[in-house]
Amino acid sequence: MYLLVFLSAILFLGVVWYWFYRRQFQFADKWPSVQPRYPIVGNAPIMLGKNDVERFQEIKRVFGECDRITTAWAGPKMLLITSHPDIVHQILSSPDCLERPFLYRFAGFTQGIFTAKLPVWKDNRKRLNSTFNQRIVHGFVPYFVKCCEKMTESLLACADEEIVNIQKYTAVCALEMAAGTTLGGDVLQQAEGKVEFKRGLDLAFNGASRRMITVHLYPDFIYQLTHYYKELMEGRRIICDFFTKLLIERKKFLLHQSNNSDADAEEEYNKPKILVDQLLGVSHDGRQFNDIQIRDNVYAVITGATDTTSLATAHACLFLSFYPDIQERVHAEIAEVFPGDSTDYSPENIKKLTYLDMFINEVQRHCTVVPYVARENTAEIEIDGVKVPPGNIFIMSLYTMHKRADIWGPDAEKFDPENFTEERIKERHPAAFLPYSAGSKNCLGWRYAIFGMKLIMIHLVRNFHFSSKIKHEDMQFRHDLTLKLPFQHLVQLKKRNPGRCPTVAG
């Protein structure tokens, strides 16, 4: 008797749950669903037993089969996925789609500008916007140049035609740029911790990305029992230790600066105001960031700048190796703007490098460093005639959008910098190319990233000719928060000016 009552209760609750479940997601019946799909677990089994490369390929397949919008299921949770520029533009530009879904929580540091929920993000963004305006970024150029010269000096110390993992060098350079212009201090002279920081970054990013596509790891109490959790915590510890040392140094510097003469204080005031000074200072309304907000925002900016810039420039070196004619055209333009030993790296001169611009854009089209973005709508929106109630999650593949044949033509897989001539740009959908996302939540440091990448590439191409045993058709990626190869960026360096070694400025 009791068993019958118990089973009846279970059946009744199951029916009620299914009714609410169907009612909640019934609006999406018009759209196709990713297959295969299973009861309760949804599409999750398609990731089981796969390594990171196979996972990336599976996600690529899913988005490639999606025309406008498709439903995918992370267990019982529905995700709306798209790579169509119409819909991507609508979502990213909507004031009702500014929230980041729960998936971002897995990256940690939830009081920072990258993973914060909407109210915290709005406050952070408003207070930090001025830190990355054009004047500030232009003021950073001399420091960027110092970092690039140091990287070049390290590479020139290698034997001629030596094979190196170029990302090892671009990662240190990007970290020095990001840390020096974010936290201040003489980061260039600090060798300790940079390689270990990169290891911590890889652990943290890989751990977060793995959890995002592994449904059974969503509950904290389960995830904390796994070795993945221990790896993630180790990565975050390494990162925070690195930041803490630099933050302590900056606080000491600011304390010393406050005791300087008025003339010294005025000189410091006229320098670009770096991020940490904004974080440690008092805003116009008298508020201060707390220690957790300072840590999380420093994490967001430095890790974002380091990983994206180092990967984009390392990918670019491989593409120079794949296409020698393109490499020589890039070199010829740089040699024309910077003849001989010219070191006039002014923003005006950098802007003259139009073909380098086109080349870097094409690299980012093929290797979109942040391949996916996600949003959650906080109010009802209408997409393709369907009213989507609040609380739904949209996953957008910028990587797939940048390869769509209906947008980029039948040769979308071909590497061609001419895709970014003014004529071709005018012919395309205005949202067809979004390497830094778009809308109110676009990349805060996009100007910073552009100048950093250009200066790294200028220094590399002026000093080296690149070749590699890797071919374009060998390029594949592994699933992560950013677009990473499953192998090293191995290139052979032939010195363009043998015997010449730059003197690192001041």
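Two strands count as paired if DSSP finds at least two bridges between them, where strands (E, at least two residues) and helices (H or I, at least four residues) are DSSP runs numbered from the N terminus. The views below come from a predicted model, in which local features need pLDDT of at least 70 and side-chain atom pairs count only at pLDDT 80 or more, while totals for chains, interfaces and linings use all residues. Residues are numbered from 1 along each chain as its sequence is written, and side-chain values use heavy atoms, with hydrogens and water left out.

**View 1. Strands E1 and E2 form a hairpin with 2 residues between them.**
Tryptophan 73 has methionine 78 of E2 as its bridge partner, and the two strands pair in the antiparallel sense over 5 bridges. In the turn, glycine 75 has a positive phi of about 65 degrees. Strand E1 (residues 70-74) is mostly covered, with 5 of its 5 residues buried, where buried means under 20% relative accessible area, exposed means over 50%, and partly exposed lies in between (1.4 Å probe, protein chains only). Thr70, Ala72 and Ala74 point one way from E1, whereas Thr71 and Trp73 point the other way.

**View 2. Strand E7 (residues 393-397) pairs with E2 in the parallel sense and with E4 in the antiparallel sense.**
The pairing of E7 with strand E2 (residues 77-82) runs over 4 bridges, and in it leucine 79 stands opposite isoleucine 393. The pairing of E7 with strand E4 (residues 372-376) runs over 5 bridges, and here tyrosine 372 stands opposite serine 397. Ile393, Ile395 and Ser397 point one way from E7 and Phe394 and Met396 the other way, and all are buried.

**View 3. Asparagine 392 sits in the loop between strand E6 (386-388) and E7.**
Asparagine 392 counts as buried because its relative accessibility is 4%. A polar atom of its side chain lies 2.9 Å from the backbone oxygen of proline 389. Leaving aside neighbours within four places in sequence, asparagine 392 is in contact (heavy atoms within 4.5 Å) with residues including Phe25, Phe27, Met78 and Arg375.

**View 4. Strands E3, E9 and E8 make an open sheet of 3 strands, in that order, with antiparallel pairing.**
Strand E3 (162-165) and strand E8 (464-467) stand at the edges with a single partner strand each, so one side of each is left without a neighbour in the sheet. The twist averages 40 degrees from one strand to the next, with axes taken as lines fitted to C-alpha atoms, for helices over the stretch in contact, and angles running from 0 to 180 degrees between N-to-C directions. E8 and strand E9 (residues 490-495) pair over 4 bridges, and phenylalanine 466 has leucine 493 in E9 as its bridge partner. Helix H6 (residues 166-183) lies across E3, E8 and E9, running at about 50 degrees to E3.

**View 5. Phe359 and Met457 touch the most other members of the largest nonpolar core, which has 158 residues.**
A nonpolar core is a set of buried Ala, Val, Leu, Ile, Met, Phe, Trp, Tyr and Cys residues joined through side-chain atoms within 4.5 Å. Helix H12 (residues 291-322) gives the largest share of this core, 16 residues. Leaving aside neighbours within four places in sequence, methionine 457 is in contact with residues including Thr313, Ala316, Leu356 and Phe359.

**View 6. Helix H19 (residues 446-463) is largely enclosed by the rest of the structure, because 15 of its 18 residues are buried.**

Conventions:
A polar contact is a pair of N or O atoms within 3.5 Å; within protein, one must be able to donate a hydrogen and the other to accept it, and residues adjacent in sequence count only if both atoms are side-chain atoms.
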